[in-house]
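I opened the notebook to write down what I looked up in this structure. Each entry takes up one place or one kind of contact.

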Amino acid sequence: MAPYIAYLPNGQSISVSPVFGGLFFKANSLSTHPSAFPPGWTIVIRSEDDEDDHNPFPDSESPQTSKDPLHPRKHHIHRYMTPTLRNDGLFISSISNPSSTEFIPATSPTRQIAMMLWATLWWYFHQPEPSPQITTSASAKTPELGKPRGEWRVNIKREGVFRGRNLLQKLERMGLIISEESSVGTDADDRSGEGWQDMFITRRAFWQMDARIFLFTLIPNMNSPFPSRPGSPHHNSSTTPPNDQAEANAAAASQGLWAPPLPGPFASGSRLPTYFPPPPPVYTFSNNVRHPIRPKPPRQGEIFYSRFIPSLGQYISFRVASLSPKPPVYTGPIAHPPVSTGYPEHVLGLPIPAGSNDVDLLYKWMNQPRVFRFWGEQGPPSHQKAFLEAGLENRHSFPVIGCWDGKPFGYFEIYWVKEDALGKYLDNGGDPWDRGIHCLVGEEEFRGPQRVNVWLSSLVHFCFMHDARTENVILEPRVDNER
C-alpha cells in the first residue's frame, strides 16, 4: 500500500504509511500549534473470513458453520490489500505518546482514543468502495447486478488498545461502534468480553455522525510569548499576529462571551469536543401548523460545516450569511497549491478577506439573468439588504454562503419543511424533522456538475448530521428548471 494523506474536515491532516505489522498514522499538525492528537498511532488491519465464506452455499448449515462448540468455525486471515464489504477488521495496536514534559497529556484518554479511531475510520471509508453485491445460495445464479446489496462495514476487534477495561463499552455509548448483540449477557465479569467481540461500524452510520462529537481543534494562542515554529500558519518570529488576524481576533472578542471560535466549528479551548446533542422537542404553532421549536442557527458569519474534497483539491465550507458592511474574514481550513511533498499544504486559521460583503455578493448574484429568472430578487443593494434581513429573522430557515477555500461561490437557504409553505403539499405535512434546501451558484467559475454533486451532498450531509431525527432532505426546483 502506498503512503496516503487523509485530510480531516477541521483542516488537520494525517499521514498514513505501511509499517511492519500494520499502518502508522502520523499527525502532521504538531509543528503548528498544540494538537489534540498524539504524534502517531499504529493500527493492525486485516481481511478475515470464516469457513462459510468459502462454502458455495453459505446459507446451508455445516459442522464448520454451526454454533456447536465442538466444531468451531475456522477463520481465514488475509493481508489487507483493498477494502472488502464486511470482512475487514482493525484495532489500534499502539499509541506514540511522548513524555508529558513535551506534550500535554490527554485530559480524557478515552476521548483521545475515540478521536484516533474516528480519524482511522475517516481514512478507511475514503478507500475505494468494494462491490456491494452479496452471493448467497439463493442468488448464486443471479446476474451480478440483481444480487442483494450489503452494507459496507469494518469490524472493530477487541485487541490491542481496545482491550482496555470498559473501553469498547464507552465507544459504543458514544455511537462510534455498534453490535448486533444487544443483550445484557450472563457473564458479570467485564474482563470476559462477552458480547463485545463482534463490534463494527458501517459507512452509512459513520457518515451520519457529526464529526464534532469526536474531532476538535485546539485554539491557537495568538499571544503566546514563544515565536512561531516552522510550519506554523504565521511564518514570522514576532509574537504579534498579522494585522488582519489581530483585527479578526479583536472583532471576535468584542462580540462577547458567545463569540464563535475563529477557526471554525471544531475549535475548542477546553480540550473537549464541541458537539452537543439536540434538545428534547417542545412544540408550538406557526401558521396553524404544530411543529417543534427549532434550535437557534449558528451566528452571523460562523462556519458550521467544512470538508476537504480530494477530487477537487479544495475545502468546501458553509457559513451563515452576515449583514456586516465589512467583507468577512475567512478563518477556516484552506488547501494551498501543491508544495515539494506533492500534497497540498493545509492551513487552519489563516485569514482570507472575502473581497465583498454579503449584501454586495447578493447584489452581484441576484441581478444575473439566469438567477433572477428563478429567484425574482433582482434589485439594488437596499433590496438585497432587506432580503438578507428577512432571511436572518426567519424562524424556520437561515441564509448560508458557500465557499471554496474561503472564496464565496453561492447562496443557500436551509429550512425546516414542516412549517414551511412546502409542508402543506406533503402527506401529513411532512415529518417534523424534514429539512429543505434552496440554492444558487453565483460564481461562474464554480459551476458544473462535478461541483454541484459536492456542494449538494455536503448540504444534505449537514442536515443529516445536525439532527439524527432528520430522514428526508427536500429540494424543490421550479417546474421550468430544465436542469
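**Entry 1: a residue in a loop**

In which loop is Ala211 found? I found Ala211 in the loop between helix H3 (203–207) and strand E9 (217–218). I noted at once that the model is predicted.

I then listed what Ala211 touches, not counting residues up to four places away in sequence: Pro9, Trp118, Phe266 and Met465. I also looked up the distance to Tyr305, which is 94 residues from Ala211 along the chain. The C-alpha atoms of Ala211 and Tyr305 are separated by 9.7 Å.

**Entry 2: another loop**

I turned to Gln133, which is placed in the loop between helix H1 (109–124) and strand E7 (153–156). Gln133 counts as buried because its relative accessibility is 14%. Its side chain makes a polar contact of 3.2 Å with the side chain of Ser131. Leaving aside neighbours within four places in sequence, I found Gln133 in contact with Leu85, Glu144, Leu145, Lys147, Pro148 and Arg149.

**Entry 3: salt bridges**

I wrote a reminder first: side chains of opposite charge can pair when their charged atoms come close. How many salt bridges are there? The count comes to 15.

I began with Arg46 and Glu48, whose side chains meet in a salt bridge at 4.0 Å, N to O. Arg46 is partly exposed, with a relative accessible area of 21%. Glu48 counts as buried at 16% relative accessibility.

Glu48 also forms a salt bridge with Lys157, and there the closest N and O atoms are 3.7 Å apart. Lys157 lies in the loop between E7 and helix H2 (167–174), and Glu48 lies in strand E4 (residues 40–50), so this pair ties together parts that are 109 residues apart in sequence. I noted that Lys157 and Glu48 are both buried.

I then looked up Glu151 and Arg204, whose side chains meet in a salt bridge of 2.8 Å, N to O. This pair links distant parts of the chain, with Glu151 in the loop between H1 and E7 and Arg204 in helix H3, 53 residues apart. Glu151 is partly exposed, with a relative accessible area of 32%. Arg204 is exposed, with a relative accessible area of 55%.

Salt bridges that share partners join Arg46, Glu48, Lys157 and Glu159 into one network.

**Entry 4: nonpolar cores**

Which residues have the most contacts inside the largest nonpolar core? They are Phe37, Trp123, Ile156 and Phe162, in a core of 49 residues. The elements that give two or more residues to this core include strand E2 (13–19), strand E3 (22–27), strand E6 (88–96) and strand E8 (199–202). H1 gives the largest share of this core, 11 residues.

I picked Ile156 and listed its contacts, leaving aside neighbours within four places in sequence. Among them are Leu90, Leu117, Leu121, Phe162, Leu168 and Ile177. Gln197, Met199 and Phe200 are also in contact with Ile156.

A second, separate core has 21 residues, including Phe304, Ile316, Trp404 and Val454.

How values were computed. Residues numbered from 1 in each chain as written. Predicted model: local features only at pLDDT ≥ 70, side-chain atom pairs only at ≥ 80, totals over all residues. Heavy atoms only, no water. Helix = DSSP H or I, 4+ residues; strand = E, 2+ residues; numbered from the N terminus. Buried < 20%, exposed > 50% of the residue type's maximum accessible area, 1.4 Å probe, protein only. Polar contact = N/O pair within 3.5 Å; in protein donor to acceptor, adjacent residues only side chain to side chain. Contact = heavy atoms within 4.5 Å. Core = buried A, V, L, I, M, F, W, Y, C linked by side-chain atoms within 4.5 Å.
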